[in-house]
Amino acid sequence: MSKPHLVLRDVHRHYGQGDKVIRVLEAANLTVQSGELVALVAPSGAGKSTLLHLSGLLESPQGGEIEIIGIPTSKLGDRGRTQLRRSTVGYVYQFHHLLPEFTALENVSMPQLIAGVSPADADKRSMELLDLLGVGPRASHRPAELSGGEQQRIAIARAAANHPKVILADEPTGNLDPETSDIVFGALANLIKNEGAAALIATHNHDLARRADRVVTLKGGLVVDHIL
Ligand SMILES: Nc1ncnc2c1ncn2[C@@H]1O[C@H](COP(=O)(O)OP(=O)(O)OP(=O)(O)O)[C@@H](O)[C@H]1O
């Protein structure tokens, strides 16, 4: 059986010191398999962004282990973490952060070119992703010429460009109306299945969360299964 793409084992994360300490995660455990979409639903301040940042190696826990594609990360230095993050993790934010002066296609090709992919191969991969996400006909448009839902689907394509094993999304539809949210979430779910990535998606939208393979929440510093 293939190894899970993302594993958090007894992860601790707190902020501050002394009587001002905020214990966000205490012995948190989570496993996300290849092709599995896990929705993370929890109240504001519960630690959703913290969990995503830790999973994406943007922050380090004070205790526990985070494994990406079976590689333990607690003993990696900054360089090793950055390399592993760049080669295995794709991040989608609430706001797309697309580069305004570049077309949709160029925005998706950019991370591939930085990773050393040839321009022809990068454009081919970008077009495949844009088609998969239903925005192929918008490839030559700049972000300002696209709707919010289209911009977000381009951002998802960009996050998936370098074949990430783990896709992390922090409120990816938080800025969109319900109908557009539905389209964007569906496109993201389709992409995750197609690419066989492991996905952890924080969302306040329970209707969307129900479409995930599994829903989890944060309680008392633990990750627990959640029935909506
Ligand atoms: N760098 C930091 N320094 C101190 N406290 C922090 C830091 N980052 C997060 N926190 C605190 O940790 C807790 C969890 O924050 P986090 O942003 O992970 O929550 P969240 O569930 O994503 O919230 P929201 O839904 O509002 O974005 C909060 O109480 C927050 O104030």
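Student: Why are α3 and α5 called roughly parallel to each other?

Tutor: Helix α3 (residues 104–114) and helix α5 (residues 148–160) pack at an angle of about 25°. Angles under 35 degrees count as roughly parallel, over 145 as roughly antiparallel, 65 to 115 as roughly perpendicular and the rest as oblique. Therefore α3 and α5 are roughly parallel. The model is predicted: local features need pLDDT of at least 70, side-chain atom pairs count only at pLDDT 80 or more, and totals for chains, interfaces and linings use all residues. Residues are numbered from 1 along each chain as its sequence is written.

Student: What makes the contact between α3 and α5?

Tutor: Ala 104, Asn 107, Val 108 and Pro 111 come from α3, and Ile 154, Ala 157 and Arg 158 from α5. Residues are in contact if their C-beta atoms, placed from the backbone, lie within 7 Å.

Student: How do you know which residues surround the ligand?

Tutor: A residue is near a molecule if its C-beta atom, placed from the backbone, lies within 6 Å of it. Among the residues around the ligand are Tyr 15, Lys 48, Ser 49 and Thr 50. Helix α1 gives the most to this shell, with 3 residues.

Student: What makes β1 and β4 a pair?

Tutor: Two strands pair if DSSP finds at least two bridges between them. Strand β1 (residues 6–15) and strand β4 (residues 63–68) have 5 bridges, in the antiparallel sense. In one of them, Arg 9 is partnered by Glu 65 of β4.

Student: Which order do the strands of the open sheet take, and why are β2 and β5 at the edges?

Tutor: The order is β2-β1-β4-β5. Strands β2 and β5 each have a single partner strand, so one side of each is left without a neighbour in the sheet.

Notes:
Axes fitted to C-alpha atoms, helices over the stretch in contact; angles between N-to-C directions. Helix = DSSP H or I, 4+ residues; strand = E, 2+ residues; numbered from the N terminus. Contact = placed C-beta atoms within 7 Å.
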